[in-house]
Amino acid sequence: PAQVRKEKSEQFMKEVGLTLEYLDAYPHELSGGQRQRVSIARAMVTNPKLIVCDEPFSALDVSVQAQIISLLIKLKQQFDLTYLIISHDLALLQFICNALAVMYLGEIVEEALPAEKLFSNPLHPYSQGLLGSFLFADPNKQRIDSIEILTGEVPNPIFPPRGCRFHPRCKHCQDICQKEKPVMRGIDPGHRVACHFV
């Protein structure tokens, strides 16, 4: 019934930190953070157990990103939710994810549970490149001259390279990498990688 829908909408608008005046607002009248909160409320209204978040932090400034992360963590605990978050920003995922999977050209190349295993010991050359390219605000954590840049062009995902998909950009590439696709294998409990030489 319409009344139940209205009550649920109002409930979740409050849960995500928006006042009821935004119920009748058009998207162009909302800031990026407000639009993100509305999207979260829309997802929550169906009482899901799993929410897929595709780039939930992109196009948001740092202070709003922090607010959205806090909101997602609060809702996760309050409603016993599971999130599947798709993002290129590993630094933000470190604060919210229990487990991580790194993908390259549509295939998982590394998995870590708990997620901290990936940050403390990245195994795949692509994961190492991603983490090595971070710029930290704290100058004691990283120096500019230690940044590792991934070289080479990203191959066409419609016609991926034979063997390991990352081999055209990998500094450790050998003949087997160009011929055989590496299988995902466990290195230690909760940490798996698809690389011939890990």
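Predicted model: local features only at pLDDT ≥ 70, side-chain atom pairs only at ≥ 80, totals over all residues.
Axes here are lines fitted to C-alpha atoms, for helices over the stretch in contact, and angles run from 0 to 180 degrees between N-to-C directions. Residues are numbered from 1 along each chain as its sequence is written, and side-chain values use heavy atoms, with hydrogens and water left out.

The protein has seven helices and six strands. Helices (H or I, at least four residues) and strands (E, at least two) are DSSP runs, numbered from the N terminus. Read from that end, the order is α-α-β-α-β-α-β-β-α-α-α-β-β. The C-alpha trace spans about 65 × 40 × 35 Å along its principal axes. Of the 198 residues, 36% are buried; buried means under 20% relative accessible area, exposed over 50%, and partly exposed in between (1.4 Å probe, protein chains only).

Now for the helix pair. Two packed helices are described by the angle between their axes and the distance between the axes. Helix α2 (residues 32-44) packs on helix α3 (residues 62-79) at an angle of about 15 degrees, and their axes are 10 Å apart. The two are therefore roughly parallel to each other, a label for angles under 35 degrees. From α2, the contact uses Gly33, Gln36, Arg37, Ile40 and Met44, and from α3 it uses Val64, Gln67, Ile68, Leu71, Leu72, Leu75 and Phe79. Contact means heavy atoms within 4.5 Å. By class, eight of these residues are nonpolar, three polar and one charged. Here Ala, Val, Leu, Ile, Met, Phe, Trp, Tyr, Cys and Pro count as nonpolar, Asp, Glu, Lys and Arg as charged, and the others, Gly among them, as polar.

Leaving aside neighbours within four places in sequence, Ile40 is in contact with Val16, Ile68, Leu71, Leu72 and Leu75. Ile40 also belongs to the largest nonpolar core, which has 42 residues, and is listed with Phe57, Leu75, Tyr83, Ile85 and Leu93 as having the most contacts inside it. Such a core is a set of buried Ala, Val, Leu, Ile, Met, Phe, Trp, Tyr and Cys residues joined through side-chain atoms within 4.5 Å. Helix α3 gives the most to this core, with six residues.

Further along, helix α6 (residues 125-132) is mostly covered, with six of its eight residues buried. These are Pro125, Tyr126, Ser127, Gly129, Leu131 and Gly132. Their cover includes α4 (90-96), β3 (100-104), β4 (107-112) and α5 (116-120).

Finally, look at the backbone in the loops. Most residues other than glycine have a negative phi, and most peptide bonds are trans. Ala59, in the loop between β1 (50-54) and α3, has a positive phi of about 65 degrees although it is not a glycine. Ala59 is exposed, with a relative accessible area of 83%. Asp80, in the loop between α3 and β2 (82-86), likewise has a positive phi, of about 55 degrees, and counts as exposed at 57% relative accessibility. A cis peptide bond joins Leu113 and Pro114, with omega about 5 degrees; Pro114 sits in the loop between β4 and α5.

Conventions:
Parallel < 35°, antiparallel > 145°, perpendicular 65-115°, else oblique.
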